[in-house]
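Thanks for coming. I will go through the helix packing, then the ligand site.

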Amino acid sequence: MTRPPADYRNEFSIFERCTYLNSCSLGALSRRSRARVNHYLDLWDARGASAWYDTWWAALDELRARYGRLLGAPRGSIALHPNVSSALGVVASALDHRTRPRVVVTSLDFPTIGYQWMAKERDGVEVVVLESPDGVGVPLEAFERAVDGRTSLIATSHVFFTSGAIQDVAALAGIAHRAGALLLVDGYQAAGQLPVDVQALDVDFYLGGGLKWLLGGTGVAFLHARPELLPSLAPSVTGWFAHREQFRFDSRALALHDDARRLEAGTPALMPVYAQLGGLDVLEEIGIPAIRAATAALAEDLIAGARARGLAPQVADRAEDRSAIVMLPAADPHADVRRLADAGLIVDARPGHVRVSPYFYNVPDDHRALLECLTDGR
Ligand SMILES: Cc1ncc(COP(=O)(O)O)c(C=O)c1O
């Protein structure tokens, strides 16, 4: 018998202390993640480095494989990183921008996406930042116009952290590929709360990590690269985990893995890896389609409740283009967030908005409490 998603609320002890509605900043800590981390600490304590060879090494392989299954990715197409920025740095160092200097991003993307290529402007890279007409999304036509024969890459989000809007990634892949460019997608705000199939979406790179909807906390991220691209990717930012025989400790020659580990760098942080495995235990047990159904219903409940109280949430027009990031306009969002926190309601502030992000462990009563406190206190 599968349990309904809301049944998992007692997996997360934070709800004993407060009403947590901020999963798009940091997913709540599950009892399973805590148990996994404790297990890691016990191993470290009992066995020291001897746990590397038979246990921790396998945990890294397990995590690559489970991230891969979550994304519908072929075997061997996942690299681990401590965060998205470091993974992007490796990708940016592997692309040849000499004949195709242009990289297209949007003003709604998380800034670290564009920064990788802005940092290369002195090498001739040209970053084009597409503006959003409404603060919610960027029309496909704007990408069509910006992508040309000098474009190497579109680098943009699956779900915008600024508005929660879901982009049409398959259409973006078509635009990039018709021009001979590649598509890199920041899936940080998508993987976990939405089903993702990187093969159906036809992306070239897809990145994300544990922090938010994957319930893995800080310090663990993934990079999927299309397998056919791998042989041509020789990053200039690298490390010994990319070496195909790293335990030969060959200081004279760099021979990269054939699979996506060629895009890794140094020793992964094991505590976050264990925390992430615990988070995936929960997500896999519930199933991503059930999570999406529950979370979409919560988002709609929140939007309807906010409208009923005279607020005008800044979200995509169509429900199918919305995720569970709901932006509520606010004159002084930081003051609202502080006042809500004093009342035990945890949300976040972004410029001009209180940002609310329910997940499967929330219930509509959380929204009632939030909206009451938000509007009555103003
Ligand atoms: C869309 C998006 N991308 C990336 C990040 C984080 O990037 P990094 O892992 O480099 O800290 C965040 C939030 O922290 C985000 O919301």
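**Helix packing and ligand shell**

Helix 2, residues 51-70, packs against helix 8, residues 270-286, at an angle of about 45°, and their axes are 10 Å apart. Helices here are DSSP runs of H or I with at least four residues, numbered from the N terminus. Axes are lines fitted to C-alpha atoms over the stretch in contact, with angles from 0 to 180 degrees between N-to-C directions.

This is a predicted model: local features need pLDDT of at least 70, side-chain atom pairs count only at pLDDT 80 or more, and totals for chains, interfaces and linings use all residues. Residues are numbered from 1 along each chain as its sequence is written, and side-chain values use heavy atoms, without hydrogens and water.

Helix 1, residues 31-47, crosses helix 2 at roughly 155°, the axes coming within 11 Å. That makes helix 1 roughly antiparallel to helix 2. This crossing of helix 1 and helix 2 is left-handed too.

Now the ligand. Residues around the ligand (a heavy atom within 4 Å) include F110, F161, Y188 and L211. By class, the shell has 5 nonpolar, 3 polar and 2 charged residues; Asp, Glu, Lys and Arg count as charged.

The side chain of Q189 has an N or O atom 3.0 Å from a ligand oxygen.

Terms used:
A polar contact is a pair of N or O atoms within 3.5 Å; within protein, one must be able to donate a hydrogen and the other to accept it, and residues adjacent in sequence count only if both atoms are side-chain atoms. Helices (H or I, at least four residues) and strands (E, at least two) are DSSP runs, numbered from the N terminus. Angles under 35 degrees count as roughly parallel, over 145 as roughly antiparallel, 65 to 115 as roughly perpendicular and the rest as oblique. A crossing is left-handed if the near helix is turned anticlockwise from the far one by less than a right angle, and right-handed if clockwise.
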